[in-house]
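Welcome! Below you will find a few exercises, each with a solution worked out step by step. Have a look at the model first, then try each task before reading on.

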Amino acid sequence: METYSYLVDNAFGYWWAIRHRDASEEPRESDCPTIVEIDPDDLRYQSSFRKAHFPTKDGDTTHSPVHDEPIVGVLGGRWDRFRTEWSETRIHRSLEARFAGGKSWTETAKYQYAVCKIENGLEDWRSSSIDDLGQRCADLEALYESMADEGYVPQTELLEREDAGEQLKTETAAMKPIHGTDYPHEARVGIGRNGELIRFGAGKHRLSIAKLLDLDSVPVVVVVRHERWAAIRECFATADSLEDVPERYREFTDHPDVRSLDEREPAPGIEANR
């Protein structure tokens, strides 16, 4: 059943990607990704698109026979409906079983899935051997301990620590280009028609651990917004006061993408390559 579901999602993904490619326009300056602080609990969805369907950084396009550049900006259509509940993803269920449920890694669904692929000559979870898999689990243990001690440390701060010669216990921090401009390698997020936060790429382990630790805030890079949500956000952007916003939209006053309108300073550590 899982294989059938994968094939169906993959077929629909390519169908959407081809339609979007044919209808897409050159990104505008206002379409540039933005960094937004969110409550991890507010991110409820994982996109079912893969990199081939929906690339979110420059290097992802090497995996896509459809797109030759990352997808950014305002998009219409049903892309925000291709999603699954975050709590149902294999990664989150496995991290929850390990860190909240006290189970061993070998008992988790992700570990068992990775073992199955490795035994069939494939790579999974950045591992091509059982020894690699053990190291992967050890790295995630270190990440969990680090986040339990320090909270969520943004990639920009981790890079500053690396530049200062500090030895990091977590994965190497990074900046990744989107249309030639470097952004912190935080989770890539889309915002659906009703303001839903949907993760597309990067940061999945950090997001799940942030949820399990009940952290208050994490940074994400918003790469796309549904055209309906963009219209709602624009109402807030152009209003002189809350009274100028249509009453039906005022429930979104505290949405992180609306709050970010008052914080539109360039994010530290971003380096333009254009």
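## Exercise 1: Helix 7

The residues W229, A230, I232, R233 and F236 of helix 7 are buried, where buried means under 20% relative accessible area, exposed over 50%, and partly exposed in between (1.4 Å probe, protein chains only). Helices (H or I, at least four residues) and strands (E, at least two) are DSSP runs, numbered from the N terminus.

Before you start: this is a predicted model, in which local features need pLDDT of at least 70 and side-chain atom pairs count only at pLDDT 80 or more, while totals for chains, interfaces and linings use all residues. Residues are numbered from 1 along each chain as its sequence is written, and side-chain values use heavy atoms, leaving out hydrogens and water.

**Task.** Find how the buried residues of helix 7 are arranged around its axis, and what they pack against.

**Solution.** 
1. Look down the axis of helix 7: its buried residues fall within an arc of 160°, so they line one face of the helix. The arc is that of the directions from the helix axis to the C-beta atoms.
2. Now look for partners: the buried residues pack against strand 3, strand 7 (187–191), strand 9 (218–226) and helix 8 (256–259). Contact means heavy atoms within 4.5 Å.
3. Helix 7 (residues 227–238) has 12 residues, which at 1.5 Å a residue should span 16 Å, and its end C-alpha atoms are 16 Å apart, which agrees. The expected span is 1.5 Å times one less than the number of residues.

## Exercise 2: A buried arginine

**Task.** Work out where R193 lies, and which side chain its own side chain meets in a polar contact.

**Solution.** 
1. Locate R193 in the loop between strand 7 and strand 8 (197–201).
2. Its relative accessibility is 9%, so R193 counts as buried.
3. The side chain of R193 makes a polar contact with the side chain of D80, at 2.8 Å. Such a contact is a pair of N or O atoms within 3.5 Å; within protein, one must be able to donate a hydrogen and the other to accept it, and residues adjacent in sequence count only if both atoms are side-chain atoms.
4. Leaving aside residues up to four places away in sequence, R193 touches G77, R78, D80, R81, H226, R228, W229 and I232. Among them, W229 and I232 belong to the buried residues of helix 7.

## Exercise 3: Aromatic pairs

**Task.** How many aromatic pairs does the structure hold, and what is the geometry of F54 with W79?

**Solution.** 
1. There are 9 aromatic pairs. Rings of Phe, Tyr and Trp (its six-membered ring) pair if their centres lie within 6.5 Å; planes under 30 degrees apart count as stacked, over 60 as edge-to-face and the rest as tilted.
2. F54 and W79 make a tilted pair, 6.4 Å centre to centre with 45° between the planes.
3. F54 sits in the loop between strand 2 (43–47) and strand 3 (73–75), and W79 in the loop between strand 3 and strand 4 (83–85), so the pair ties together parts 25 residues apart in sequence.
4. F54 counts as buried at 3% relative accessibility, and W79 is buried with a relative accessible area of 0%.
5. For a second pair, take W105 and W125: their ring centres are 5.9 Å apart and their planes at 65°, so this pair is edge-to-face.
6. This pair links distant parts of the chain, with W105 in the loop between helix 2 (90–100) and helix 3 (109–119) and W125 in the loop between helix 3 and helix 4 (130–150), 20 residues apart.
7. W105 counts as buried at 10% relative accessibility, and W125 is buried at 7%. The phi of W125 is near 55°, a positive value in a residue other than glycine.
8. Finally, F49, F54, W79, F82 and F200 form one aromatic cluster.
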